[in-house]
Amino acid sequence: MTLEAPRKLVRVSDRGDLIYRGLARASGSLVLLIMAAIGIFLAFRAAQALGKAGPAFLWTQAWEPDANNFGIAAVLIGTLIIALVAICIAVPLSLGTALYISEYAPRGLQRTLIGLVDLMAAIPSVVFGLWGFFSLQGNIIDVAKWISRYFGWIPIFQVDGFSNDPLSSDTVFTASSFVAGIVVAMMVTPIMTSIMREVFSQAPIGEREGALGLGATKWGMIRSVVLPFGVGGIIGGTMLGLGRALGETIAVYMIISPIFSIQPHILQSGASSISSLIALKYGESTTFGMSALMAAGLTLFFVTLVVNFGASAIVARSRSGASS
Amino acid sequence: MKSMQTKRAESPVAPVRVDNEAAANDVPRRVGALRISDVLAIVGAVAAALSMTVIIYAFLTPAGGFVGFFVTLYVLFMVTYGILVSLDESMPTVRDRLVLVGVHSLAIVVFTTLVFVVLFAFFRGVEALPYLNFFTQDMALAGPLDPLSVGGILHAITGTLIQISIALAITIPLGLMTAVFLNEIPGPFSRFVRTIVEAMTALPSIVAGLFIYATFILILGLGKSGLAASLAISVMMLPIMIRASDVVLRLVPATLKEASLGLGASNWHTMWNVTLPTARSGLVTAIILATARGIGETSPVLLTSGFTAAFNADPVHGPMISLPLAIFQFVKSPEPTMIARGFGTAAVLMLLVVLLFVIARIIGGQTVAKKERARQRREALWLDLKAFGTGCVTVARRVWKKIIELPGAVQRTIRRLPALSASSTAAKPMSGSADEPQTAKSKKSSKSKKSKSSPKSRDRREQLSFEEFLELNPRARGTQITTADDTAPPTRRGKKKPKGTS
C-alpha cells in the first residue's frame, strides 16, 4: 500500500459568501481605523502647540497657551492624584461587594444584586456630579477636618490655612481632590465589582469543597482558594477602574476648583485634571489654545491606552483569564 | 403487616424497651447554621457599641459630626463583637466572623451609597416635575429669574432623542458586523481587533469629543451640530455594542451552525437565518445597554454640539442640546429655580435610564430555551384540546348510533320475547330473525354438539350452527373452523417452509 499525501482542502466560496466576508472584514478594519484616526487626528492638531512648546511641555505647570507658557505637569499629576485617591477607596469597597455577592449572598438575592450593580454602572456621570456637589461636599468637611487635625503630620494630609489658624473657615476643605476622589470611586466601583464577581464565581468548586472538607472556615476557604484564583481579575478590574477614573470629566469638573500647580495636599481646596481642563478652557480658547488642549487630550489618550492594555494583558494571562 | 409483626416476635434478639426519657431526648436534629448564640452576639455587640458611642459623643468629648459618630460606632462594634465571639470560639472562627461582618458592611455601604445617589436626584427633582410646561416648553423665553411655571426641557428631550437615534443608526450595523467578523473569521487579525475594541471601551469621553471636533468641525468645516454630537456618542457606544454582541453571538451553540452548514447553507445564510435569530434577545439587550450608556454622555456633546436654549430639531444645522448637557448648564447657575430645573432634568434622565434597563432585563431574560419551553407547553395544550375534542366527537357518534339503533333493538327484543319465555329449561336458541325451518335443523345439530361442548360456551355456540352461519355469510365458505373437539395442537398449515429454500 502506498502512502498518499493528505488532500489539500480548498474553500469554495460563492459570490454571496465573498461579499459577506468582505463586509465583515471591512467593518473590523473600520473599527481599527477609528481608533487609529483618533490618535492621528489628535496628534495632527496638537502638532502646532507641541512644536512651539517643545520638551518644556512635560514639566511646565502653568497653563497659559497664549503666553506660550503651558505644560501638563500640573494637570497630569492632578489627574493621577484624583485617580489614586479614587482607587484607594474603590478597591476595598468593590472587593467586599464582589465577595459578598459571590460568596455570602443568598441564592435568590444574587441575580437581583448583579442586576443592581449593572444598573449602577449605567448611571450618567452628571448625576454623580450633582450628588457630590450638593450632598457629599457639605457632609464630608467634618471628616476632612478630623483627618487633617490628627494626621496632618503626614504631608499629603496637611492643609495650608487650617493647621495653624484657629479661625479658618470651612471653605478651605471644599473642592478638593479628596471629595472628587470619593465621587469618582463611587462611579468606578460598579464596574470593578462586576469584573471581580465574575472572576470569583469561576473559582473551581472542587478546590472550594476541598478546603471546606479539610476543616477550613469560610474565610479560610476564600483566602486560600477564591482570592488566589481571582488575583488576575482583581488586578485587571483595578486597572480598568483606574482607566475610567483617569478619564472622568463632568463629575470632577463640577466639584473641583481648578488650580494650575502641583498641589499634593488632597484635603485642601484646589485640584486639577486634564479632562476638566479641556472642558473648562474649551469655550474661550483661540486656535492655538485649542491646539494646546488637543495636546493635553493626546497625553490623556496615551496614558489611558497604556493602562488598559496592561489591564487586559494581566487579565488574559492570569489563571482566571477572562474568556470574554 | 400481620406477617411483619409475627416476624418481629420471632426474631432472636430481645425487643428493645423504649422508656420515656429516651423518647423525650429524641428530638429532631437541627441542620441550620444559625444558632441563637450567634444572633445574640451580634445584638449584644451592637447594643454595647451604641451605648459606648453615645456616652463618648454626648457626654465625654466635644467631638461632633454625623460621620464621626458612625465610624466610632462601627469600630467599637467590631471590637466588641470580636471579644464576644472569642469567649466561645477559637481564633480562626473569630477571624472568620469578623471577616463576615466586614464583607457585609462593605456591601451595605456600597449599595446604600449608590441607591442614595439615585434617590437624591429624584427627591430634589420632584419639585420641578409636576409642572406640565416642564415637558412642553423650551427655555427660549424663560430666564434665570422666572419661576418654575415658565420654561421647560422640551428642547433637551428632543435633542437627546434625535442624537441617540442617529447614533443607533450608525452603531447597530457597524457593531453587529464587527461582532460577526470577530466570530466568523477567527485569526490574528480578529484577535488584534478584539484587543483594540477592549482598549476602546475605556476611551475617555472627552477624547472622543475632541476627535470629532478635530475632524468634522475643524477639518471638514461643518459647524457645531447635533450630527457631530451623534458621531461622538456613537464612538463611545461602539465598543460596548461590539463586546456585548460578541459575547452573545459566542453563546449560540455551534451544533446549530454546523447543522445549517451541513445542510448546504452558505455562511451568510447561516448567519442571517440561524445565528442572528437565535441570539436575537441577547442582541436587543446589548443595544439597549449601549443606548443607556450613550444617553448619559455629557462631555462629547459639550464639545461638539454646544448649548442652546431654543428648540432645534435639525441635526445638521445649529447647536442641539441634550439632557445631560442641560443638567450641567442648569446647575451651574446660582438661582434656586434653575437648580430645581436641573434636578428635574436629572430625574427625567434617570427615569429614562432605569426604564431602558428594565426593558433590557425583561427581553434578555427570554432565552431560547425558555421560549422553546413555552412553545412546547402551548403545543401540548393544543394537542390535549384536540384529543379532547376528538374524544367528545367519538363518544357523541357512538351515542348517536345507539340512539338510532334503539327502535330496532326494541323491536328485536319484542320479537324474541315469546321465544325467551317459552324455553326455560332447554338451551335458548336465540336466532331471533332466523327462519322457522332452520330452527328444527338447528335444534338437531345443536343437540348433537351439546354433549361435547363446555357448559359456558354452549349458549353462545348454539345460537347459530355452522350451516346457518354459512348461509348467512356465503363468503365464509372454504374457511376452516376448529371446534372444541379438536384437542390436537393447531398445526402450522402452509406456513412451514422446507429447509434449504430462501
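This is a predicted model: local features need pLDDT of at least 70, side-chain atom pairs count only at pLDDT 80 or more; totals for chains, interfaces and linings use all residues.
Figure 1. A compact globule of 324 residues would come out with a radius of gyration near 20 Å, yet chain A has 25 Å. Laid along its principal axes, the C-alpha trace of chain A spans about 100 × 60 × 30 Å. Of the 324 residues in the chain, 49% count as buried.

**Figure 2. The elements of chain A.** Here you can follow 11 helices and two strands. Starting from the N terminus, the order of elements is α-β-β-α-α-α-α-α-α-α-α-α-α. If we take the contacts in chain A with a separation of 6 or more, 77% of them join residues 24 or more positions apart.

**Figure 3. Where chain A touches chain B.** On this view, 69 residues of chain A are in contact with 74 residues of chain B. Helix α1 (residues 15-53) of chain A supplies the largest share of the chain A side, with 18 residues. Sorted by class, that side of chain A holds 40 nonpolar, 21 polar and eight charged residues.

**Figure 4. Helix α11 of chain A against helix α9 of chain B.** Look for α11 (residues 287-317) of chain A and α9 (residues 205-219) of chain B: their axes come within 10 Å and cross at roughly 135°. Because of that angle, α11(A) is oblique to α9(B). The crossing of these two helices, α11(A) and α9(B), is left-handed.

**Figure 5. Residues at the α11(A) and α9(B) contact.** From α11(A), A:Met294, A:Gly297, A:Leu300 and A:Phe301 meet B:Ile206, B:Val207, B:Leu210 and B:Ala214 of α9(B). The contact of α11(A) with α9(B) comprises seven nonpolar residues, one polar and no charged ones.

How values were computed
Residues are numbered from 1 along each chain as its sequence is written. Chains are lettered from A and ligands numbered from 1 in the order in which they are written. Two residues are in contact if their C-beta atoms, placed from the backbone, lie within 7 Å. Helices (H or I, at least four residues) and strands (E, at least two) are DSSP runs, numbered from the N terminus. Ala, Val, Leu, Ile, Met, Phe, Trp, Tyr, Cys and Pro count as nonpolar, Asp, Glu, Lys and Arg as charged, and the others, Gly among them, as polar. The radius of gyration is taken over C-alpha atoms; the globule rule is 2.2 Å times the number of residues to the power 0.38. A residue is buried if 20 or more other C-beta atoms lie within 10 Å of its own, exposed if 12 or fewer, and partly exposed in between; C-beta atoms are placed from the backbone. Axes are lines fitted to C-alpha atoms, for helices over the stretch in contact, and angles run from 0 to 180 degrees between N-to-C directions. Angles under 35 degrees count as roughly parallel, over 145 as roughly antiparallel, 65 to 115 as roughly perpendicular and the rest as oblique. A crossing is left-handed if the near helix is turned anticlockwise from the far one by less than a right angle, and right-handed if clockwise.
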